[in-house]
Amino acid sequence: MKILIEYDSPPLRWLVPSLLALALGVIATGMTWPLLPNITRAVTDPGDPYINAFTLDWVSHKLTTDPRNLFDSPLFHPERKTLAFTEHLIGLALFALPFHLADFPPLLTYNLLFLLSFVVNGLAAYLLVGEVTNSRWAASVAALVYAFLPYRMAQASHLQHMWSPWLPLSLWALLRLYRAPSMPRACILAFTVVMLGLSNVHWLLFGLVALSVSAALMALYSPSPLRFTGMALIAIMSGCLLLLPTLLPYRWVAREYGMVRSHEETAHFSAHLSDWLVPAGASKTWRGEAIPHEGERRLFPGALLPLGALLGLLFLRREDLAPSYRARSSKAPPLPVLLFAAWILLGVIGSLGLNGPFHRVLFEYIEPFRALRVPARWAIVTYTGLAALSGAAVAWLLRRNTLLRRLFVVLFCVAFLYEVRTAPVRWYLPPDEQPEVYEWLRTSPHTGGIIELPIWSMSSEYEYTLAAAGHRRATVNGASGFASPTQARLAALFNQSPIPAALIDELRAADVRLIILHADRMGEREEDTVSFLMDNRRAGRLAYVGRFFHDHRGDYVFAVTDGEQGIPRVTAKELEEWELDELTSRRFLVTDRLAGLHYLPRPGAQVAGELTVDGWAVSLYPITSATVRFNNGQVRIPAEFYPRDDLRDVYPGLARTGYRLVIRKPPEVWTTADVQVEITDAAGRRSRLPQVWFDWSE
């Protein structure tokens with residue numbers, strides 16, 4: 001059978017890409033295991049994924065209801081155009097719309113797009129390499145390589161960086177325009193530029209530079225350089241003009257709130273050439289997590305990807321390529337080889353950031369580049385060139401169609417997947433249930449903004465951001481790469497000791513009308529915060545709204561007011577003092593819910609040898625089981641019960657028990673371990689306590 005099948009032959013035009021997409025999806029599921037069984041709530045960490053999940057939900061919501069006010073997100077109240085405080089992800093939200101319209105939860109939608117990114121990236125590389133080689137084998141290998149670049153899982157917390165199909169697709173569109181300049185093909189190029197900008201500002205700016213360099217090189221080879229160059233320039237400029245409505249808000253917030261990257265911050269995330277030898281922590285082959293290093297600058301592409309690209313650079317000849325891309329002179333290098341090599345070099349010198357002259361000039365003289373935090377991400381341009389050149393090398397390998405060469409291609413693919421393997425992945429599993437207060441917020445008639453306490457405490461702002469996807473109420477809280485001026489000012493006042501009474505005036509000035517106190521999370525700020533709330537309630541500057549069950553001590557809501565007219569009530573007035581006494585005395589709530597508390601191991605613990613898992617559970621009904629779950633729930637071991645009579649005064653009238661498991665490390669449990677206890681009662685109710693990450697060596 002002839003290997004160099006005509007790329008556009010009708011029988012295989014859709015069959016091969018369809019089978020390829022299925023294969024990429026299956027491999028992605030294996031690479032990210034056990035994401036699939038936890039897909040409704042797993043994230044790489046409780047940080048940036050929460051921002052992206054909120055953004056996808058908000059943009060999908062506004063695109064279907066009120067697109068004119070898209071950039072006025074509810075975060076960072078009362079600031080304006082707050083969606084521009086981070087990536088808007090409009091291009092990704094277009095893919096998320098079907099899931100949003102089906103009312104999928106935000107984290108489920110996020111994870112579906114996470115898995116879909118591998119497939120879409122691969123198909124984009126398939127189109128690019130198929131265009132220049134007319135070989136479905138070469139295109140498929142490029143798809144596999146580009147879909148599972150070592151860089152992918154190293155950026156797993158940043159969904160917008162996981163999605164990079166528009167870089168190879170923009171080069172594909174430019175090549176097609178070079179092959180036959182026409183307005184329809186120029187429109188396709190403009191569309192890819194638009195999608196670059198709608199998906200990721202980093203990729204847009206890097207891609208525009210790479211496309212400009214590519215167009216200049218193509219003009220040297222084009223039989224009609226003026227026609228091609230003119231159409232390419234018009235297409236790229238048209239794409240940029242179409243993006244202006246989504247780019248201008250970033251310029252506005254940069255000037256209004258001073259949101260530009262400092263020289264020091266940009267320099268910190270600028271790579272050195274030695275960073276290209278530092279593997280990412282996600283690699284099971286290279287074990288980069290053992291190397292103390294800045295994560296964004298771990299750029300090692302592995303061993304096989306540069307090897308494949310080197311084969312293409314040294315041996316790919318004009319006869320291995322599609323006729324349109326064969327150099328007219330046998331002495332000239334084939335155009336695709338020149339383009340891919342240029343992208344490899346461009347990404348390397350760009351990644352040096354302020355450590356090299358190239359990005360430094362862009363940073364100093366072109367305003368949009370001063371908004372980029374991590375010049376090291378130029379590496380994606382290099383990876384695109386490496387993947388394309390590696391795939392194209394297959395056309396050379398299979399030119400003679402020998403069994404040995406075909407076997408080499410298969411072994412290369414298997415070895416590449418082994419080298420970049422990341423499974424099993426330790427995913428963070430947040431609690432199943434959302435706090436009751438957010439459901440109340442969703443339907444409450446109150447007006448004005450809210451502020452949640454504690455503010456700027458550990459991961460709290462990320463959790464508040466994800467919660468905003470459910471209630472969509474204006475909130476001072478939020479997480480992004482920049483600080484909101486109002487948020488920073490109010491947080492500084494709240495973190496004073498004692499908290500000044502003048503803070504109430506600041507809240508009124510910011511149109512903040514509700515304060516939500518998460519009592520279990522206050523830590524060392526509890527005494528000052530509770531004193532501030534109680535003192536201002538007695539002075540009539542705050543009104544108590546009510547209490548909601550959450551964790552063990554609940555969430556308390558206060559209204560900023562000069563009177564008590566129009567305050568949304570949750571609690572009957574005669575119960576107020578009793579409930580507030582429980583807040584000031586730091587007592588747990590008596591609840592009819594299945595609840596528990598996890599003591600050991602502590603988050604981040606370093607355990608050697610024997611592990612003790614310890615905690616307790618309470619319920620209206622007898623506790624029937626406590627199951628200790630390791631490996632994201634893949635390994636389950638029952639714990640033993642022991643009496644906890646000391647909980648009698650805390651939870652009178654409820655069934656209560658302690659649970660404990662003492663165990664040495666089973667071989668199947670990961671060294672970078674996680675533990676989560678699942679408790680059930682006689683009524684069939686089930687609850688999972690917060691997950692704990694720790695390290696466990698034998």
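# A guided tour: sheets, rings and a buried loop

Select Leu600 and then look across to β7: the bridge partner of Leu600 there is Asp614. You are looking at a predicted model.

**Stop 1: the antiparallel sheet**

Four strands form an open sheet here, in the order β5-β7-β11-β10, and the pairing is antiparallel. Which strands stand at the edges? They are β5 (595-600) and β10 (640-642). Each has a single partner strand, so one side of each is left without a neighbour in the sheet. Turn the view to look along the strands. Direction ignored, neighbouring strands of this sheet are turned by 25° against each other on average.

Now walk across the sheet, one pairing at a time. Strands of a sheet pair through backbone hydrogen bonds, either parallel or antiparallel.

- Select β5 and β7 (residues 610-619). They pair in the antiparallel sense over five bridges. Ala595 has its bridge partner in β7 at Val618.
- β7 and β11 pair in the antiparallel sense over 10 bridges. Pick Ser619: its bridge partner in β11 is Ala655. Then pick Gly615, which stands opposite Tyr659 in β11.
- Finish with β10. β10 and β11 pair in the antiparallel sense over three bridges. Here Glu640 has Arg660 of β11 as its bridge partner.

Stay on Arg660 and show its side chain. Arg660 lies over the face of Tyr642, at 4.1 Å from the ring centre.

Is β7 largely enclosed or left open? Eight of the 10 residues of β7 are buried, so this strand is largely enclosed by the rest of the structure.

**Stop 2**

Show β1 together with β2 (residues 512-518). The two pair in the parallel sense over five bridges. Click Ile451, which stands opposite Ile515 in β2.

**Stop 2: a helix with a buried side**

Select helix α18 (residues 436-443). Its buried residues are Val437, Tyr438, Trp440 and Leu441. Look down the axis. The four cover an arc of only 160° around the axis, which puts them on the same side of α18. An α-helix has 3.6 residues a turn, so residues three or four places apart point the same way. What covers the buried residues of α18? The cover includes β1, α19 (460-471), β2, β3 and β4.

**Stop 3: aromatic rings**

Colour the aromatic residues. The structure holds 30 aromatic pairs. Zoom in on Phe71 and Tyr250. Their ring centres are 6.2 Å apart and their planes are at 90°, so the pair is edge-to-face. This pair links distant parts of the chain, 179 residues apart. Phe71 is in the loop between α2 (48-65) and α3 (90-101), while Tyr250 is in helix α11 (residues 225-257). Are the two buried or exposed? Phe71 is buried, with a relative accessible area of 11%. Tyr250 is buried too, at 18%.

Next, select Phe76, Phe85, Trp252 and Tyr257, which form one aromatic cluster. Then find Arg261. Arg261 lies over the face of Phe482, at 4.0 Å from the ring centre.

**Stop 4: a buried loop residue**

End at Asn632, in the loop between β8 (623-630) and β9 (635-638). Asn632 is buried, with a relative accessible area of 1%. Which residues is Asn632 in contact with, leaving aside its neighbours within four places in sequence? Show them one by one: Pro34, Asn38, Val425, Arg426, Trp427, Leu429, Trp670, Asp674 and Gln691.

Note on methods: Residues numbered from 1 in each chain as written. Predicted model: local features only at pLDDT ≥ 70, side-chain atom pairs only at ≥ 80, totals over all residues. Heavy atoms only, no water. Pairing = 2+ DSSP bridges. Axes fitted to C-alpha atoms, helices over the stretch in contact; angles between N-to-C directions. Phe/Tyr/Trp six-rings, centres within 6.5 Å; stacked < 30°, edge-to-face > 60°. Buried < 20%, exposed > 50% of the residue type's maximum accessible area, 1.4 Å probe, protein only. Lys NZ or Arg CZ within 6 Å of the ring centre and 35° of its normal. Arc of directions from axis to C-beta. Contact = heavy atoms within 4.5 Å.
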